[in-house]
Amino acid sequence: MAQKLLKTPLPDGGLGWSVIDHKEIDAVTSVLKQPQHLFRYPLPGYESNCQGFERELRENLGVKGALMVASGTSALTLCLSAYGIGPGDEVIIPGYTYISTASAVTNAGAVPVVADIDESLGLDPADVERRITPSTKAVILVHMQGVPGRVRAVREVCKKHNLKLIEDACQAVGATYFGKHVGMESDAFAWSLNYYKILTCGEGGVFFSNDQDAFLRGIYAHDPGSPMWKTGLARGAKLSPYTQLGIRGNEVCAAIARVQLAKLDTILGKTRALKKRLLACLDQPVNYRLQHVDDPEGDCGISICLIAADKERAAVMSNLMDEQGLEIGSAFNEGFPDRHIYSYWDAILNKESATPAGYPWKDANYKGNVQYAKDMCPKTLDILSRSLRFSMNVNMTEQNMEEVASVINYADKSV
Ligand SMILES: Cc1ncc(COP(=O)(O)O)c(C=O)c1O
């Protein structure tokens with residue numbers, strides 16, 4: 001049998017978790033060796049790991065406010081609560097994002113409105129504008145798979161309609177947009193540090209904002225009491241404290257996250273080099289286009305997406321690649337309930353509520369009338385059905401990338 005074009009097996013592995021070594025283990029051990037310091041609000045004269053992590057984030061990113069919390073979903077919820085967005089309000093989110101983006105909106109008490117993506121695989125600015133209603137208060141732009149979305153164009157729409165712009169950078173930790181970290185020029189942004197992400201501490205998230213008042217509100221919202229008792233934060237503050245959630249960051253996760261943060265450049269150095277090599281080895285495409293990226297320099301390099309001219313060609317290319325040892329299916333597989341695609345968000349589409357009163361859709365403050373259907377974002381489903389996506393991990397090599405490119409080139413020519 002003729003040798004396959006993919007000669008070298010692709011190594012298993014992921015992102016942050018694949019670089020865990022004795023440094024993370026030592027960091028956790030040192031937390032446990034000082035159990036009197038196991039709380040994020042420390043004893044006087046001591047900097048906790050949560051505080052240290054937040055300081056390092058401020059120093060590294062140049063951001064004014066960074067707050068370690070329990071997850072990316074909770075960090076996104078704070079992005080909204082920080083601006084008083086809740087019952088009665090609509091928030092526009094893309095049809096291609098993890099269902100958590102929608103949950104963050106309902107957590108805050110607001111109603112998610114789903115808009116189409118374009119070939120950036122992020123929000124389509126024109127569709128965002130079409131979906132604005134008198135209830136719209138904010139837009140969440142999601143940077144999927146490490147690729148920054150169309151920040152400039154979406155920001156223009158938000159400015160024109162006086163909407164808050166929130167960036168969901170849960171999958172794009174470390175991504176930049178024309179030289180600045182994604183989110184830095186928006187109203188607030190969120191990272192996830194869960195197991196799958198570029199940096200991980202198992203579970204965790206970070207809420208960021210450069211707006212001092214909004215940041216303070218985020219701090220109030222994340223913990224019913226400790227910030228007020230432990231830090232004297234609210235003393236003299238012009239905003240009265242309020243209580244909402246219990247999503248404090250914890251010391252063990254923060255200790256791991258600090259070590260991971262110090263490895264961010266190494267991780268992204270690796271993935272960006274892999275993507276560069278792969279792109280350099282691709283021939284001029286005939287049957288597909290590469291995903292649109294506004295600023296390729298800011299891309300984390302953890303994925304590549306080929307958007308075929310039509311669904312049929314995507315299927316033929318996928319089969320040809322499979323025969324050569326490279327498994328790349330389309331992003332939208334009929335039948336597989338991928339919760340990154342809105343048509344599988346049953347809980348949202350059916351307006352399933354945590355309360356018999358039907359909150360947030362039936363909240364008395366809500367004057368809108370959002371309607372959901374599985375086919376309400378046809379462009380999203382069409383693009384995803386033609387999208388062939390490959391993910392890089394930190395154990396891959398340039399040799400792997402050269403062979404992946406040869407399979408893609410072969411499939412494109414053989415369609
Ligand atoms: C785009 C996006 N937003 C939000 C989240 C939520 O993050 P977490 O799992 O930390 O709550 C995720 C996580 O998978 C995500 O991929």
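In which loop is Pro 360 found? In this predicted model, Pro 360 is in the loop between α12 (346–349) and α13 (378–386).

**View 1. The cis peptide bond between Tyr 359 and Pro 360****.** The peptide bond that joins Tyr 359 to Pro 360 is cis, with omega about 0 degrees. Pro 360 belongs to the loop that runs between α12 (346–349) and α13 (378–386).

**View 2. Leu 121, a residue other than glycine with positive phi****.** The phi angle of Leu 121 is near 65 degrees. Leu 121 sits in the loop between β3 (111–115) and α5 (125–130). Is this residue buried or exposed? Leu 121 has 27 other C-beta atoms within 10 Å, so it is buried, the cut-off for that class being 20 or more.

**View 3. Asn 162, not a glycine, with positive phi****.** Phi of Asn 162 is about 55 degrees. The residue lies in the loop between α6 (151–160) and β5 (164–168). Asn 162 counts as exposed because it has 8 C-beta neighbours inside 10 Å, where the exposed class takes 12 or fewer.

**View 4. Strand β9 and the burial of its residues****.** Strand β9 covers residues 205–209. Five of its five residues are buried, so the strand is largely enclosed by the rest of the structure. Gly 205, Phe 207 and Ser 209 point one way from β9, while Val 206 and Phe 208 point the other way. The residues on both sides are buried.

**View 5. Pairing of β9 with β1 and β8****.** Strand β1 (residues 65–69) runs antiparallel to β9 and is joined to it by five bridges. Within this pair, Leu 67 has Phe 207 of β9 as its bridge partner. Strand β8 (residues 188–192) also pairs with β9 in the antiparallel sense, over four bridges. Here Ser 192 stands opposite Gly 205 of β9.

**View 6. The shell of residues around the ligand****.** There are 14 residues around the ligand. Which of them come nearest? They are Ser 71, Gly 72, Thr 73, Ser 100 and Ser 192. The elements α3 (72–81) and α4 (100–107) each give two or more residues to this shell. By residue class, the shell around the ligand holds three nonpolar, ten polar and one charged. Ser 192, one of the nearest residues to the ligand, is also the residue that stands opposite Gly 205 in β9.

How values were computed. Residues are numbered from 1 along each chain as its sequence is written. This is a predicted model: local features need pLDDT of at least 70, side-chain atom pairs count only at pLDDT 80 or more; totals for chains, interfaces and linings use all residues. Two strands pair if DSSP finds at least two bridges between them. A residue is near a molecule or strand if its C-beta atom, placed from the backbone, lies within 6 Å of it. Ala, Val, Leu, Ile, Met, Phe, Trp, Tyr, Cys and Pro count as nonpolar, Asp, Glu, Lys and Arg as charged, and the others, Gly among them, as polar.
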